[in-house]
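Here is a brief report on a two-chain model and the spaces inside it. Please look over the sequence and the structure first.

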Amino acid sequence: MVNPVLLIAVPLGLAFTVPLIGSASRKLTRFVPVIASLFNLILCIRLFPAVLEHPIVINLGGFAPPFGINLFVGHLGLLFAGLISLAGLIVSIYSLSYIKTGMVVKYHMLYMLLLTGATGVVLTGDIFNLFVFFEILCISSYALVAYVGDRAGIESSIKYLIQGTVGSSLLLIGIGFLYGLFGTLNMADIAQKISTVEQGSLLVPLLLIVAGLGVEAAVFPLNAWLPDAHSSAPSSISAILSGIAIEVGLYAIARIVFTVFGISDVYLFLAFLGILTLLIGELCAFAQSNIKRMLAYSSIGQIGLILFALALASNNSVTGGLFQLINHTLSKGLLFLSAGYMIYRSGSMEISSLNGMGKRMPLTSLAFTVGAFSLIGLPPFAGFPGKFLIVSGALLQGQLVINILVGLVLLSTVIEGTYFFKVVQGLYFRKADADITPERAPAAALVAMLILMLLIVVLGVYPEPVAGFLNTAASDLLDKVSYVGSVLR
Amino acid sequence: MTGIEILLLTAFGGVLFTCFTGRISSSLRNIAAVILSIVLVVLVALLYDKNGETVFYRGFFGIPMVLRINTLSWFFAIAISTLGCLSVIFSLGYMRDRKNTSFYYSMLLLVNSAMLGVVFSGDMFSFFIFWEIMSWSTFLLISYNRGPAVGAGLKYIIMSIIGSMAMLAGIISLYTVYGTLNIADLSHLVLSSSTPGHQIFLLIIFGFAFGIKNAVVPLHTWLPDVYTEAPSPFSAVIAGMLTRMGVYGFLLIIYVILGAARSLHTGTIPGFNHILAWLGAITIVIPTFIAMLQNDAKRLLAWSGIGQGGYMILGIAFGTNLGVAGGIFHTLNHAIYIVLLFMSVAAVQYRTGGVRDLNSLGGLIKKMPVAFFGALIGICGLIGVPLTNGFVSKWMIFKTLITGGAPFLAFAALIGSWGTILAAYKLLHNMFLGQLPERFSNTRQSPFSMKLPMIVLSFTILLFGILPGLPLKVINNIVVSFGFGSLDVSLWGIVSETGMLNTINLFAVILAGLAVVWLFFRIGARAVPVNQSDNYAAGAAVPGDRYNYTVKFYDPLTRTISPYLRDIIDSLYQKIAVFTGCVCNGIRKIYTGYIGNYIMYIVLFVSLIIIVQMVWSPW
C-alpha cells in the first residue's frame, strides 16, 4: 500500500524544484504542477479501495497519537484530496497556455504550495498541523491574487492579506485556548476529552477557531475580502480559490465543529449563518456588472448553501452538502476558466462586453452555459442532484424553522437563475458592441473546459456511485466516536 | 412496456442527431427533423390503448424513475407529437432564410421530447426533471429572435423557475410524507391517509406552479410577450401544447394524485376547485377583451390564448364528468386551432416580409387563399361556430355550468365568447379582408410546406366538429379513469341531462341550407367576376390604399373599455423586480471597500457572539 504522506510530500518537494528548473528554462516550469497533481490524483485513486474498508492513519515520525502528528485518511479526507488534485490538474492544464507573462516561475511554485497546503489541511489529524497547512494555503493565495501586478490586484491582495492575518491570529489564539484546556493538540484526543470540561468555557475557543477559519471559508461578516480577491486574481487562480481554497476552509470548520467539538447547540446558529451568507451573496451578485465580481459573490452564496446543508447535521443533508461542494468546484471552476478567456479576448470584465461571445468563442460560451445551468441546479447537470439532496435532507427533518430556511434557499435559487440567465442570453442572443474577429481559446484551455463539462454532465446523469461514497464520507464527518476510535486505537 | 423507452430514446437521440447532421448540410438536417417527427407520431400512435409502467432508471439515489402510459398520457402525447410534427414541417418554409437554424431545429425537437417525457413520467421525480429541461430549452428558443425576445425569454424563465421551485417543495413534501414519488402509488396512499392541511398545502403549491405555466390570471404576465416575440412556428408549439402542460399538471394533482373524484373530500378540494373555477372565469373574461384591443396579430392571439385557457381551467375545476371532459377536449381543440391561427399569421408574416401589425395589413384573401381559409376555419373554431370542434367543447362546458347551477360562471363563459368573436373577427378582417394595400400587391402564396399543415389542421377542426366521438371516446376513458361516471358518447354526439348534441343532424341541416343557397345561386342571374379593387363608392373613384378599415377597428368599444383593461398585474411584477434590484444594490454596499470596515466586521462578529452568550447564554 502506498504511503499517503506522498500526497503532501510530492507536491511540496516538486514545488521547491520549480525555481531550479526555472533557472534553466522558464517554459518547462509550467509542466511541473501538471505532473504533481496528476500524481496526486492517481495516488488518491490507488488509495481508494483501501480507504473504503478502513480509514488509514499514518503516524508521522513513528510517534503514536496523542503525542505525535498523525494523518487521518478517511472517506472525507480522501474525497477532498482527490477533488483538490483533480481541480489542481485541470487548472494547471488551463494554465499551460493562460500564464505566459510575468513571474511565471513564482506562479507555479506558489500554485503547488497552495495545493500542498490544501491537501495537508484535509488530511491532517492534529490541530496545530491544521493551522500550519492552513497558513501555507493562505499565504500562497495572498501572493497569487496579486499575480497580475496591476493596482486592483495589489490592493485586493493586501486587503486579503490583512483580513487573512487577523483570521489566522484568531485561529491561533483559539488553538492556544484549546491547548490550555486540554493539554493536547491531537484532534481525536481533544474530541475524546471535550465532554470533561463544562460547556460554557468551550464557547470562546470554538468561536475564535470558527471565526478564524471562517475568514478563509467566506462566511458572512468575514468574507469581505472575497469579491475583490477573486475578481482581481488571474482567472485560473480565481477558479482555484473559489473551487478549492474556500471549500477547504469550510471543511476545516466542519471538522472542528462536528468531529472535535460536537456541540449540537451551535448547529442551528451555523445554519442561520449559512442562509444569511447565501442570501447576501446571491443578492449582491444580482447587482453586479463585472462578470468576475458576480461569480465571486455567487461563490459566497454557494458556500452559504453548503454551510447550511452541513449544519443540519443529518446524513442526507451532509451528503447533499458534499455533493453541492463537488458541483461548486467543477461548475465555478468551469465558469471562471471560460470567463478568463472571454475577458482576455474582449479586453474588459464588464458583462456587457461578453455579448455576442456565442458566435466568436462557441466552445467557451457553451462551457459557460453548462457551468451556469449546473450551478443553478437544472437537470441534467450536476447541480440538480446536489440541490435535490439538500432540500430533501432539510425537509426530512420536519422542523418549521428549517422549512422556512428551505423556502429562502429556493428563493435564492430564483435570484441566482435570474442573473445567470441574463448573462447566458447576452452570450448568445445579444449583439456584440464591437466587431472583433472570432478567435477560439487555445487548445490547452479547451481541453480543460471540455473535461470539466464532461464531468458535470456525467455527474448529473449518474450521481448514484458518487452519492453512495459521499454518504460514507458524511458519516465520517458526523460520527465522532468512530473517528476517535480509529485514531486512538 | 419498452415502447415508451424506445419512444423517448428516439426523441432525445434525434435531437443530438439533428444537431450533428446540421453541421454537414442544412437540407439533410431538415429532412432528418421531419422524418424524426413523423416517426415519433407513428410510435405514439402505436401505443394507443396500452396501459402499463416501466422502470427506466434506478441511478438517482435509489428512487426508481418510472415511465407510464395510460389514456391520459397517450392523449396528450398524440397531440404533442402531431402538432410538433406539423410545426417542424411548417418551419421548413418559414425558417428558410434564417441563420443558426441548426440551433432552432434542435431546440424545437428538444422541447417536444421534453414534453413527451413530462406526459409519460410515472413518478414526480422524472416529471420534475423533464419539466425543467422543457423550461430551459423553451427559454433558449424564445430568445432566438433577439431584440425584444431576449426580455420576453428572461421574463418567462424567471416565472417558470419560481413555479419550478414551488413544485420542488411540493414534490419533496410528498416524498417526506409518503416515502414514494410513484404517481400510481401516491394516488392510493394520498387518498387513504392524507390530512386536509397537507392536501390544501399540496393543492396551493402545485396550483401555483401549474398556474404559472398555464397562465391563469394573476400568473399570466409572461405569456403575451413570449407568444409575440418567439419565432412563429415555435409560438404555435408554445401556445398549443407547452402552456397546456399546466392543464396536464392540474389534472395530475387534482384528479390523479389527490383523487378528487374518487372520494368525498369535504371542504378541501371542493373549496380549492371553487376558487380555481372563479380564477378560470376571470381568466376568460378579462384577457379575451384585452385581445380585442391589440394591434399586433400575434399579441392578439396570445391574449386570446390566455382567455381560452380559462375555459379549460373552468371546466376542470368545476368537477363534474362533463366539465372535466369539456376542459380536456377544449385543450385539444384549442391546441389545434391556435396552431392553425399562428401558422396563418406566420404565413402572412413570411410573405409580407415580417409584417404582423394589423393596422397595416389587409385584403390578402386573393393573394394567400390557403392562409385565409386556414384563418377562417381557425377563427370559427376559436369562436365556437357549430360544426367546428370548438363548438362541441364549449357546448360541454356551458352545459355543465348551467345544469350544475353556476349561473355567474356560465355568464362569464358566455361573455368570453363575445370578446373572442370581436378579437377573432378583427384578426381575420385586418389581415385578409378589405382593400389590398399597394405594397402587398406582389405577395405570393405560401409555399407548400406551409400550406400542408394548415390544410391538415383545418380538416381536423371540421372532422372533430362533425364527428366529435373520435376524440370523445378517448376522453371518456380518461374521465372514467379519474373515477367519474361514464359519459354517453357516440360517434356524432354526446348526451347530457337536458338534451343531446347531435352533430350529424347539425351537419345535415347546414348542408341542406347550403344546398338551398346554391340552388338559388344557380337559378338566379349569372354572377360576373369582378376585380377585388372594384368597389362601389356612389360614383366617386375609390382611392387606392386609403379605403382599408383597420386602424381603430372597434373605436367606440375601445374607448369605453380600455381604461379598465390595463394589465395592472404586469406593472406590479415589474415594480417588484425593480424593487428587488434596488434592494440588491443597497445590500452590496455592505462591502464598502474600506479595509477598516472589514476588520471591524470580523471583530464585531466575534464580540457580538461573546456578548450574546454572556447576557442570554443560549448555548
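## Largest cavity

This is a predicted model. Its largest cavity has a volume of about 150 Å³. Twelve residues line this cavity. Closest to the centre are A:Leu206, A:Leu207, A:Val210, A:Val266 and A:Phe269.

Both chains take part in the lining. H8 and H11 of chain A each give at least two residues, and so does helix H23 (595-616) of chain B. By class, the lining has twelve nonpolar residues, no polar ones and no charged ones. In total, the count is twelve cavities of 30 Å³ or more.

## Second largest pocket

Next, an open site. The second largest pocket has a volume of about 720 Å³. It is lined by 23 residues. Of these, B:Ile158, B:Ile162, B:Tyr573, B:Ile576 and B:Ala577 are the closest to the centre of the pocket.

Two or more lining residues come from each of several elements: H11 and H17 of chain A, plus helix H6 (148-178), helix H8 (196-214) and helix H22 (568-587) of chain B. H22(B) gives the largest share, seven residues. The lining of this pocket divides into 16 nonpolar, four polar and three charged residues.

## Contact between the chains

How much area is buried between chain A and chain B? The figure is about 5400 Å², with 82% from carbon and sulfur atoms. On the chain A side, A:Phe388, A:Gln425 and A:Phe429 lose the most area to chain B. Together they make up 13% of what that side buries. The contact takes 61 residues from chain A and 50 from chain B.

Which polar links join the two chains? Between chain A and chain B there are six residue pairs in polar contact, counting pairs with both residues at pLDDT 80 or more. The count of salt bridges between them is zero.

## The chain A side

H17(A) gives the most, with ten residues. By class, this side has 44 nonpolar, nine polar and eight charged residues.

How values were computed:
Residues are numbered from 1 along each chain as its sequence is written. Chains are lettered from A and ligands numbered from 1 in the order in which they are written. This is a predicted model: local features need pLDDT of at least 70, side-chain atom pairs count only at pLDDT 80 or more; totals for chains, interfaces and linings use all residues. Side-chain values use heavy atoms; hydrogens and water are left out. Contact means heavy atoms within 4.5 Å. Buried area is the accessible area (1.4 Å probe) that two parts lose on being put together, summed over both. A salt bridge is a side-chain nitrogen of Lys or Arg within 4 Å of a carboxyl oxygen of Asp or Glu. A polar contact is a pair of N or O atoms within 3.5 Å; within protein, one must be able to donate a hydrogen and the other to accept it, and residues adjacent in sequence count only if both atoms are side-chain atoms. Helices (H or I, at least four residues) and strands (E, at least two) are DSSP runs, numbered from the N terminus. Ala, Val, Leu, Ile, Met, Phe, Trp, Tyr, Cys and Pro count as nonpolar, Asp, Glu, Lys and Arg as charged, and the others, Gly among them, as polar. On a 1 Å grid over the protein atoms alone, a cavity is a set of points where a 1.4 Å probe fits but cannot get out, and a pocket is an open set with protein on both sides within 12 Å along at least five of seven lines; lining residues have an atom within 4 Å of a point. Grid points are joined across faces, edges and corners, and a volume is the space filled by probe spheres set on the points.
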